[in-house]
Amino acid sequence: MSTFRSDFLHTLHERGFIHQVSDEAGLDALFAKETVTAYIGFDPTAPSLHAGGLIQIMMLHWLQKTGHRPISLMGGGTGMVGDPSFKDEARQLMTVDTIEANIASIKRVFSNYLAYEEGPNGALMINNAEWLRSLNYLEFLRDVGRHFSVNRMLSFDSVKTRLEREQSLSFLEFNYMILQAYDFVELAKRYDCRLQMGGSDQWGNIVNGIDLGHRMGTPQLYALTSPLLTTASGAKMGKSVNGAVWLNADMLGPYAFWQYWRNTEDADVGRFLKLYTTLPMDEIARLVNEAQGSGINEVKKILATEVTAMLHGRAAAEAAAEAARKTFEEGGVSADLPTVEVAAAELEAGIGVLAAFAERTGLVASNGEARRQIKGGGLKVNDASVTDEKALLTARDLNADGVIKLSLGKKKHVLLRAV
């Protein structure tokens, strides 16, 4: 049973978000008596976050839901350096234009989880470029750098791992943890931010910020980390066989996102309902009980629909669920399946079946994989198995809706639509 008195920490505890807290009693007392501002940093390494970052976004969601103020910090400054934590090699450096474009793209997701509005607990989106890009290097070394012990920095797991593997750690990357610590101090001074949250791999960086704040005169700061999640079989969250499970709809549509959660491993269903949905705990307990028997697949559909509804809206989630039902239970074709457009003239000439599955739709990674799937009976066109790797798809294969249904196994489908 949770001994937390504050709603926020009690909620995080019962839903499985907490891995480490720097001072449980002190942080709990702070949350119980006042509106607390807390932040999580997001580095703009791509135009979208992926599903692995959802646990962090949900922590900010519950922070605001329980009456406190979340800050989503965009790493417009730190993104120019790159977080070396537990990476085998340095990140590729990005231009300022790329960073700014990535931030603009990433921002679109957050408003589905947080309310950016006026008021004591209205969410804030802040870019650390505001203070990092204008730093005077000599003044920064004198005022901030002097508080850091290189001996201690070398002891952090994220650094030790690289050094033990004899993998290069550049001076540029070594500065990242100083910049992240300085972010915490700046947010404390500017917004009275008292808590930094993140994944457990960020523990050393966050504690650095607490120590720096103590040396530079901030109020007591706190750290809270979530467990680094993998699926029951050990796969990394946010990754699928086809690549990253992106949160931006223009990089991964609602149907494919729904399917990712529908395919959750049996052992993960209860845990994911707690972490990734806002369903009440008693409702989750009931669903987990149902999932013990033959109802596991129905509970997975509920999980997929609830997670998708938070990101893409309830209508898109229900459309994805209906598309799946129609496709899998009725053997039909739904307009909500992923669709690739092809010119009618191309179909008149004919499109090779290998190219259709590999280049056009990405259902398989290569022509070679398409051939292997054909030999194993894994590819279908309009629900009929492909047996000839030299076959051509033509206008004759279009159904009454003007589409050709391509399938890899039972769960992956893409429509070719003539235009």
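View 1. The predicted protein contains 19 helices and 15 strands. Its radius of gyration is 24 Å, close to the 22 Å that the globule rule gives for 419 residues, so the protein is as compact as a globular protein of that length. Taken along the principal axes, the C-alpha atoms fill a box of roughly 75 × 50 × 40 Å, and buried residues make up 49% of the 419 residues.

View 2. Helix H3 has twelve residues and reaches 16 Å from its first C-alpha to its last, which is close to the 16 Å expected at 1.5 Å a residue. The helix is mostly covered, since eleven of its twelve residues are buried, and among these buried residues are Leu 54, Met 58, His 61 and Trp 62. After H3 comes Gly 67, whose phi is positive, near 95 degrees.

**View 3. Lys 301 in helix H15.** Lys 301 is found in helix H15, which covers residues 296-312. Is this lysine, Lys 301, buried or partly exposed? With a relative accessible area of 22%, Lys 301 is partly exposed, because buried means under 20%. The C-alpha atom of Lys 301 is separated by 20 Å from that of Arg 15, and the two residues are 286 residues apart along the chain.

Notes: Residues numbered from 1 in each chain as written. Predicted model: local features only at pLDDT ≥ 70, side-chain atom pairs only at ≥ 80, totals over all residues. Heavy atoms only, no water. Helix = DSSP H or I, 4+ residues; strand = E, 2+ residues; numbered from the N terminus. Buried < 20%, exposed > 50% of the residue type's maximum accessible area, 1.4 Å probe, protein only. Expected span 1.5 Å × (residues − 1). Rg over C-alpha atoms; globule rule 2.2 N^0.38 Å.
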